[in-house]
Structure formats: structure tokens, C-alpha cells
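Have the structure open as you read.

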Amino acid sequence: MVTSFFAQDELPDLGLRSFGKNVLISRKASIYDPEHISVGNNVRIDDFCILSGRIEIGSYVHIAAYCALYGAKGIIMRDFSGLSAKVIIYSVSDDFKGDYLIGSMVPPECTNVIGGTVLLEKYVQVGAGCILLPKVTLGEGVSVGAMSLVTKSLPSWTINFGIPARFYKERKKNLLILERKLKPKDGVK
Ligand SMILES: CC(C)(COP(=O)(O)OP(=O)(O)OC[C@H]1O[C@@H](n2cnc3c(N)ncnc32)[C@H](O)[C@@H]1OP(=O)(O)O)[C@@H](O)C(=O)NCCC(=O)NCCS
């Protein structure tokens, strides 16, 4: 089968801070600051994703096509978390309120770039087309419906959607039973 993924023996050339076993990274993904990016075991990063800054990716993580992770202030994705296509995660943002100019081509003394780490705990799944703003934590087991805007942290084992994303209902935990079937050698701590 033809795929766009780097062969395993090509991965060291990417210069990642660390990476585990069974890592599939598309040749069409753009990885900036690879020395600040760590990747666990059983991870897949698809075509046209952009990863930059400080990014920590656990094991059993899938980042689907067209996602962008802007990790200047840090993005952490724990084991079994995932991003459906076209998710954008901002760990930093310009100040839109009018006191500053905006944009990467403006001298920094005229801008106010604000932000903080975005954390996706274990089993978080973010639906297609979502945007996550800086400093949010998605608690363990959170899922976010398609096309949502996450402006605040979301509590564990909840399903949320909307603009802004709000609580919809509790999320079931049956997936935890399936995790126990995986063998330790598969790279889950
Ligand atoms: C949020 C979600 C999990 C809810 O699923 P569900 O519990 O089966 O909910 P339902 O389909 O019964 O929808 C319940 C209501 O919420 C609305 N709704 C569902 N998802 C929504 C979303 N993402 N944004 C806005 N409204 C949504 C539905 O229109 C429905 O409204 P109604 O009661 O007025 O008719 C699901 O709709 C979703 O967005 N999943 C993400 C799928 C995805 O991104 N897949 C990518 C490939 S993995």
C-alpha cells in the first residue's frame, strides 16, 4: 500500500526531541521546532498538519489531516487523545481588544501576545473543525463536538459542543475496559 508516511528509519532525521515505536508521520506534515516536540508510541500525524513550538504527544494519539498545533506556550496531548480533521490549537494569541497591533510582522513592542499551555488529558477527543484557545485544559475523557470553539477548560468525562463549547452530557467510560486489553509492550504507561 502506498502511504505518505516516513519510513521508520527516516524518523531520526526529523530531529524530534524524542519518539517511540510505531510512529507514522506524513511527509506532507510541516514540523517546526522539532527539538521541542516529543512523540510517544503508536502515534499518527496525517497530511497537511502543522506542528510548531513545544508539543508533547503521548501514546495512541492520532492527529488527523489539516490540524494546526501552535505550541509556543506548550501543548500537551496525553495517551489516547486525538484530534479529528481541521482542529486548530492555539497556545498563544494576539490581543484583539484594540490596545495593540497584531501580527507576526509587527515589531514585538507593539503587540501583546498572550497565552498558556493547552492540555488534553487522557482519552480526550476533539471533533472536526474545532478551535481551542490558549490556556484551556480538557479534563480526562472529555469529548468536544464538531465545529466547536473551546474558550474555557472543560471537566472530565463530559461531552461538550457549540460556540462557545458548553456541557451537553456525561461521557461513558466503557472505553477504559478496552484499554485494559492492550498489552504493556504497546507503549501505554
Ligand atoms: C457532539 C456529538 C458527540 C453528540 O452526539 P449525539 O449525542 O449522538 O448527539 P445528537 O446527534 O443526538 O445531537 C443532539 C443535539 O445536539 C445537536 N448537535 C450535535 N452535535 C453538535 C455540534 N457539534 N454542534 C452543534 N450542535 C450539535 C444536534 O443537532 C441535536 O440537536 P437537536 O436536539 O436540537 O436536534 C456529535 O454530534 C459530534 O459532534 N461528534 C463529533 C464527530 C466528529 O467530529 N467526527 C470526526 C471524525 S472522527
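## A sheet and its pairs

Let's start with S7 and strand S9 (residues 82-83), which pair in the parallel sense over two bridges. Strands here are DSSP E runs of at least two residues, numbered from the N terminus, and two of them pair if DSSP finds at least two bridges between them. Within this pair, Ile63 sits opposite Leu83 in S9.

Both strands belong to an open sheet of eight strands, with the order S2-S5-S7-S9-S14-S17-S19-S20 and mixed pairing. S2 and strand S20 (166-170) are the edge strands, each pairing on one side only.

A word on ground rules: this is a predicted model, so local features need pLDDT of at least 70 and side-chain atom pairs count only at pLDDT 80 or more, while totals for chains, interfaces and linings use all residues. Residues are numbered from 1 along each chain as its sequence is written, and side-chain values use heavy atoms, leaving out hydrogens and water.

How many of the 10 residues of strand S8 are buried? Seven are, so S8 (residues 68-77) is largely enclosed by the rest of the structure. (Buried means under 20% relative accessible area, exposed over 50%, and partly exposed in between, with a 1.4 Å probe and protein chains only.)

S8 runs parallel to strand S6 (residues 50-57), joined by seven bridges, and Glu56 stands opposite Ile76 there. With strand S10 (residues 88-90), S8 pairs in the parallel sense over three bridges; Tyr70 has Tyr90 as its bridge partner. Three bridges also join S8 to strand S13 (residues 118-120), again parallel, and here Met77 faces Leu120.

## The nonpolar core

The largest nonpolar core has 36 residues, and those with the most contacts inside it include Ile63, Leu83, Leu120 and Leu132. Such a core is a set of buried Ala, Val, Leu, Ile, Met, Phe, Trp, Tyr and Cys residues joined through side-chain atoms within 4.5 Å. Among the elements giving two or more residues to this core are S6, strand S7 (61-63), S8 and S13. In soluble globular proteins, nonpolar side chains tend to be buried together.

Take Leu132: leaving aside neighbours within four places in sequence, its contacts include Ile88, Tyr90, Val118, Leu120 and Val150. Contact here means heavy atoms within 4.5 Å.

## Around the ligand

Which residues are around the ligand? They are Ser84, Gly127, Ala128, Gly145, Ala146, Phe161, Tyr168 and Lys169, each with a heavy atom within 4 Å of the ligand.

A polar backbone atom of Ala128 is 2.8 Å from an oxygen atom of the ligand. From the side chains, a polar atom of Lys169 lies 3.1 Å from a ligand oxygen, and an N or O atom of Tyr168 is 3.4 Å from one. The protein covers 35% of the 910 Å² of accessible area that the ligand has on its own, with areas from the Shrake-Rupley method and a 1.4 Å probe.

Ile163 and Pro164 are joined by a cis peptide bond, with omega about -5°. Pro164 lies in the loop between strand S19 (158-161) and S20.

Two residues other than glycine have positive phi: Tyr60, near 60°, and Trp157, about 55°. Tyr60 is in the loop between S6 and S7 and is partly exposed, with a relative accessible area of 23%. Trp157 is in the loop between strand S18 (149-150) and S19, and counts as buried at 7% relative accessibility.

Technical notes:
Helix = DSSP H or I, 4+ residues; strand = E, 2+ residues; numbered from the N terminus. Polar contact = N/O pair within 3.5 Å; in protein donor to acceptor, adjacent residues only side chain to side chain.
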